[in-house]
Amino acid sequence: MHQPELMHMLKRLIEIPSVSSVSPSHDMGNRPLIDELAGWCEAGGFRVEVRHLEGVADKANLVASLGKGPGGLVLAGHTDTVPCDPHLWSQDPFQGVVRDDRLYGLGSCDMKSFLALALEAAAGFDPKDFRHPLVILATADEESSMRGARAIAEAGQPLGRQAVIGEPTNLRPVRMHKGILMEGIRVTGQAGHSSDPSLGNSALEGMHRVMGEVLAWRDELQARHRNPQFQVAVPTLNLGHIHGGDNPNRICGQCELHIDLRPLPGMEPDALRQTLTERVDKALQDTGLDHEVFRLIPGVPPMETPADSELVRVTEELTGHAAEAVAFGTEGPFLRQMDMDVVILGPGDIRQAHQPDEYLALDRIEPMLKILRGLIQRFCIHA
Ligand SMILES: [Zn+2]
């Protein structure tokens, strides 16, 4: 049995809904999609392993390998999509429709199509020629928690030496992105009647000090860290949400601030969290206010693969573009933790991702297949 032809695979992947979301009312499993993909991989001669995600029903990662040997090339993509607003689409988002030389459908660009393209590219090779295996990695929950990629990194079982993640990059290699941290700061004081300050301890006034300290820290971070390859060359820190108190005539008993921090490669998330805690401690010293710093999301580390690594050089050669830096986060840092070089390189355009009428331009397909075949040739056969 052979795997189905490419256009059938591309459309099927769109037809099988696999929305992931932090809001339970939108969240869906990806098992039906993983099972379909696993079937195609088996038909293409791959050894297939479906890894269930612990503690969540109906979600799994797929690891499919072709050929044997040490190291190997990993072609990775997430199987989930963001939720969509069907009423804003000019067609059913869960129908792969070809119109105006574009494939429309939810996940066409970001990034189900890449998985079908990886299979299609592999089909042209005889695995007996491989000195290093080719691995297709399909993950769950990239758009929500990155739980799938985290589970792969935690399992620690080596998958390969090089990994290409087919997120939408306009066929250009990307070797760097910033990280994403979202942290909460809660200050707790004592409510009381506003007419007598001695009756309470204002959490809002404490938060005022915290904000001053956090903004001073931001200035220091931006003075110390700069990478001109990024469009925004410095780490950013945004005060995004604050809530405290209820009435003008009550001393504010509790106040909470949510911040977003985007570190550059080389900045360590745990060290940043530690410093944030110390700065908040310092700001509230001698105020008698209680406080805690906590994570709003698990966070995504920044990613960097060295410019002189073989994978970066080969992807630059195959695409004709120098490797770039992007502003969005990916599963890359989790694969980097497994000692792989990682490049983000896919056929879609990020401007069409997470949008109504998401599409993949069909003229991106042949160049992407050519790049993938070049990668397989280089890292599974020649290397
Ligand atoms: Zn994506």
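R378 has a relative accessible area of 27% and counts as partly exposed (buried is under 20%, exposed over 50%, partly exposed in between; 1.4 Å probe, protein chains only). The model is predicted: local features need pLDDT of at least 70 and side-chain atom pairs 80 or more, while totals for chains, interfaces and linings use all residues. Residues are numbered from 1 along each chain as its sequence is written, and side-chain values use heavy atoms, without hydrogens or water.

Salt bridges
- The count comes to 24 salt bridges (Lys or Arg side-chain nitrogen within 4 Å of an Asp or Glu carboxyl oxygen).
- E310 and R378 form one of them, with the closest N and O atoms 2.3 Å apart.
- E310 is partly exposed at 29%.
- R186 and E292 pair at 2.6 Å, N to O.
- R186 sits in strand β9 and E292 in strand β14, so parts 106 residues apart in sequence are tied together.
- D27, K59, D141 and R147 are linked in a network of salt bridges.

Nonpolar cores
- The largest nonpolar core has 53 residues, and L37, F46, L134 and L375 have the most contacts inside it (buried Ala, Val, Leu, Ile, Met, Phe, Trp, Tyr and Cys joined through side-chain atoms within 4.5 Å).
- Helix α9 supplies 10 residues, the largest share of this core.
- Another core, apart from it, has 26 residues, including L237 and M267.

Terms used:
Helix = DSSP H or I, 4+ residues; strand = E, 2+ residues; numbered from the N terminus.
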